[in-house]
Amino acid sequence: MLVTIKYFASVREAIGCASEQRETAATSLAGLRDELLAAGPAYACLSRERAVRMALGQMMSDEAALLTPGCEVAFFPPVTGG
Amino acid sequence: MTARVSIQTQDFNLAMEVDALRQSDKRVGAVCTFTGTVRDRNDGLSVSSMELEHYPGMTEKAIEAMIDEALNRFDIFGARVVHRVGFLQPLDQVVMVAVTSAHRGESFKACEFLMDYLKTQAPFWKKEQTPEGARWVDARVTDDAALAKWGIELKNS
């Protein structure tokens with residue numbers, strides 16, 4: 001399925017991209033993260049040794065969240081607003 | 001009725017925001033506000049400016065949901081949150097929360113709840129300019145602890 005992936009802050013800088021559309025065989029956020037980690041060194045910032053937060057459909061989500069065709073996913077560091 | 005959440009680059013005027021929130025509502029006996037401003041120091045280094053990034057769309061939804069939760073938990077009439085993004089310097093205002101209620105206790109609690117929630121669950125990121133170069137601000141464990149005291153166990157840092 002085709003998904004839109006957004007990256008923010010230090011994750012956006014490390015990957016060198018703010019948004020991409022990607023055809024994925026993954027069914028969950030965990031699977032998509034695995035695919036990205038295997039896609040090249042630019043995605044090393046998504047390593048599970050790092051604090052990475054995720055959103056699905058613009059809601060904070062964990063890795064178990066299930067993808068749907070056309071969904072919007074985001075990866076970013078811990079938030080620091082306020 | 002004015003919007004409950006605004007994400008904007010321009011500054012805000014607390015007095016005008018409070019007036020709009022009260023809207024001549026004679027039930028209101030208490031207004032509690034919090035304003036966050038940019039400090040000139042953080043984590044041992046001087047800060048000359050910062051850039052605030054956010055996730056358009058998600059930010060507004062997240063804060064709207066936090067206000068709904070505050071309305072459920074506390075006996076309050078209304079709440080307003082304004083958060084700035086973009087380039088900011090020390091002394092600049094960053095964020096304001098205003099809450100109205102009949103008595104002060106509920107507005108005090110709801111205002112603190114909203115700030116604790118926003119700090120760890122609203123998608124904003126700060127990048128500071130320091131004498132050692134630009135750096136992304138680290139999330140604080142103490143902010144997760146502040147949210148936990150409301151019974152919400154969500155990990156950010």
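The model is predicted, and local features are described only where pLDDT is at least 70, side-chain atom pairs count only at pLDDT 80 or more, and totals for chains, interfaces and linings use all residues. Residues are numbered from 1 along each chain as its sequence is written, while chains are lettered from A and ligands numbered from 1 in the order in which they are written.

**Chain B as a whole**

Select chain B, which has 4 helices and 10 strands; helices (H or I, at least four residues) and strands (E, at least two) are DSSP runs, numbered from the N terminus. Read along the sequence, these elements follow the pattern β-α-β-β-β-β-α-β-β-β-α-β-β-α. The C-alpha trace of chain B spans about 50 × 35 × 30 Å along its principal axes. Of the 157 residues of chain B, 38% count as buried, a residue being buried if 20 or more other C-beta atoms lie within 10 Å of its own, exposed if 12 or fewer, and partly exposed in between, with C-beta atoms placed from the backbone.

**The mixed sheet**

Next, select strands S1, S6, S8 and S2 of chain B, which form an open sheet of 4 strands in the order S1-S6-S8-S2, with mixed pairing; two strands pair if DSSP finds at least two bridges between them. The edge strands, each pairing on one side only, are S1 (5-8) and S2 of chain B. Neighbouring strands of this sheet are turned by 10° against each other on average, direction ignored, where axes are lines fitted to C-alpha atoms, for helices over the stretch in contact, and angles run from 0 to 180 degrees between N-to-C directions.

Now colour strand S8 (residues 93-101) of chain B, which is mostly covered, with 8 of its 9 residues buried. Strand S2 (residues 30-37) of chain B pairs with S8(B) in the antiparallel sense over 8 bridges, and there B:Phe34 stands opposite B:Val97. Strand S6 (residues 76-84) of chain B also pairs with S8(B) in the antiparallel sense, over 7 bridges, and B:His83 stands opposite B:Val95 in S8(B).

**The antiparallel sheet**

Move on to strands S7, S5, S9 and S10 of chain B, an open sheet of 4 strands in the order S7-S5-S9-S10, with antiparallel pairing. The edge strands here are S7 (86-88) and S10 (133-136) of chain B, and neighbouring strands are turned by 25° against each other on average, direction ignored. Within this sheet, S5 (residues 49-54) and S9 (residues 124-130) of chain B pair over 6 bridges, and the bridge partner of B:Met50 in S9(B) is B:Glu128.

**Where the chains touch**

Show both chains, and select the 23 residues of chain B that are in contact with 15 residues of chain A, contact being defined as C-beta atoms, placed from the backbone, within 7 Å. The elements of chain B that give two or more residues to this side are helix H2 (58-73), helix H3 (104-121) and S9, and H3(B) gives the most, with 5 residues.

**A last stop in chain A**

Finally, select A:Glu49, in the loop between helix H2 (29-39) and strand S3 (53-56) of chain A. A:Glu49 counts as exposed because it has 6 C-beta neighbours inside 10 Å.

Terms used:
Two residues are in contact if their C-beta atoms, placed from the backbone, lie within 7 Å.
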